[in-house]
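The following note sets out points on the structure shown below, for a colleague who will work with its coordinates.

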Amino acid sequence: YAGMEYQVEVGLLSRTVRIQGEEADSEYDEFGGDIRIEGIGRLSGVQLARMGKKNMLGRYPAHFHFAGDRNYDSYFRDMSCYHTYFRCLVVHSTNSTYVEENVAFDVTGHAYYLEAGDEENNIFRWNLGAFVHTVGRPAQGPGQEGEIFTESPYLIQPDDSAASVFYFANPYQIIEGNAASGGWAGYSIPKLNRPVRAPDNGMEPAKRPFKSFQGNSAHSAGYMWHLAGCMYIGGELYIR
């Protein structure tokens, strides 16, 4: 018998090309390699293992960094991130890219991450993420008032206290057919009144709607906080 209630996600981690941090040294201080793309970038069929530098901004396994409006000439496709120290795939101040058919497993910090809140029109489709860990102790709090976390050398991005599989600082994206397993939440959409660590162009990410959000699933979240859920909208993020 194989009824609907027994269906699970299956993610393939192995890839033909593997980029990885050195096993002993990287593991000792959670200091792996990183890939930063500032123009056209097309990565496909690559496994990233022991990558990213924990609590170092901009040092992620792979990310588009201030690459402008790509007009869909750039992508992360059919990649896997396994046992990474700081995120999986990141889009930072970059518009109109593809992030499709990727797998993230055993990731510290938000896995699929829109960093600043000024990113728009990116397409996130058919990605899977599982076994995502917070940086430091998980955010909790006794009720809806929650807790306040501030930046420190041990928590460079306070929202990583609530690390989720998918983190959309600006929801104006096409988000379809993704699956989230675990994490503080499956999907997090924070409240940003202006972009973070990016030029202030008057944009208010918190007022932007979803361009498309359909066919996504999430489960097994909420173990880190009794009031958490698979999808979390809220939590104010700002720089004083």
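Which residue in β14 is the bridge partner of L114? The partner is F168. The points below start from that pair; the model is a predicted one.

1. The L114 and F168 bridge. The strands concerned are β11 (residues 112-114) and β14 (residues 166-168), which run parallel and are joined by 3 bridges. Beyond residues up to four places away in sequence, F168 touches L114, F124, Q173, I175, Y187, S188, I189 and P190.

2. Strands β11 and β14 belong to an open sheet of 7 strands, ordered β2-β5-β8-β11-β14-β17-β20 and paired in parallel. The edges are formed by β2 (35-37) and β20 (231-236); each has a single partner strand, so one side of each is left without a neighbour in the sheet. On average, and with direction ignored, neighbouring strands are turned by 15° against each other.

3. The nonpolar cores. The largest nonpolar core has 29 residues, and the members that touch the most others are L48, F76, C88, L89, Y112 and F168. Two or more residues are contributed by each of β4, β5, β8, β10 (103-108), β11, β14 and β17 (187-191). A second, separate core consists of 12 residues, including V90, Y113, I156 and A169. In soluble globular proteins, nonpolar side chains tend to be buried together.

4. Aromatic pairs. The structure holds 13 aromatic pairs. One of these joins F166 and F168, which are stacked, with 6.2 Å from centre to centre and 15° between the planes. Both F166 and F168 are buried. In the pair of Y187 and F213, the ring centres are 5.6 Å apart and the planes stand at 80°, so this pair is edge-to-face. It links distant parts of the chain, since Y187 lies in strand β17 and F213 in strand β18 (residues 212-214), 26 residues apart. Y187 counts as buried because its relative accessibility is 2%, whereas F213, at 29%, counts as partly exposed. A single aromatic cluster is formed by Y112, F124, F166, F168, Y187, F210 and F213.

5. V103. This residue is located in strand β10. Its relative accessible area is 11%, and V103 is therefore buried. Apart from neighbours within four places in sequence, V103 is in contact with G11, L12, L13, R15, M79, S80, C81, Y112 and L128. The C-alpha atoms of V103 and A130 are separated by 8.3 Å, although the two residues are 27 residues apart along the chain.

6. R70. Why does R70 count as buried? The reason is its relative accessible area of 14%, as the cut-off for buried is under 20%. R70 occupies the loop between β5 (62-69) and β6 (75-77). Its side chain reaches the backbone oxygen of A67 at 2.9 Å. Contacts of R70, with neighbours within four places in sequence left aside, are G39, I40, T94, N95, S96 and T97.

7. K53. This lysine lies in the loop between β4 and β5. With a relative accessible area of 10%, K53 is buried. Its contacts, not counting residues up to four places away in sequence, are E30, F31, G32, G33, D34, R59 and F86. The C-alpha atoms of K53 and S152 are separated by 15 Å, and these residues are 99 residues apart along the chain.

8. Backbone points to inspect. Most residues other than glycine have a negative phi. R50 has a positive phi, near 50°, and S93 has one of about 45° although S93 is not a glycine. R50 lies in the loop between β4 (46-49) and β5, whereas S93 is placed in strand β8 (residues 89-95). Are these residues buried or exposed? R50 is buried, at a relative accessible area of 12%, and S93 also counts as buried, at 10% relative accessibility.

Terms used: Residues numbered from 1 in each chain as written. Predicted model: local features only at pLDDT ≥ 70, side-chain atom pairs only at ≥ 80, totals over all residues. Heavy atoms only, no water. Helix = DSSP H or I, 4+ residues; strand = E, 2+ residues; numbered from the N terminus. Buried < 20%, exposed > 50% of the residue type's maximum accessible area, 1.4 Å probe, protein only. Polar contact = N/O pair within 3.5 Å; in protein donor to acceptor, adjacent residues only side chain to side chain. Contact = heavy atoms within 4.5 Å. Pairing = 2+ DSSP bridges. Axes fitted to C-alpha atoms, helices over the stretch in contact; angles between N-to-C directions. Core = buried A, V, L, I, M, F, W, Y, C linked by side-chain atoms within 4.5 Å. Phe/Tyr/Trp six-rings, centres within 6.5 Å; stacked < 30°, edge-to-face > 60°.
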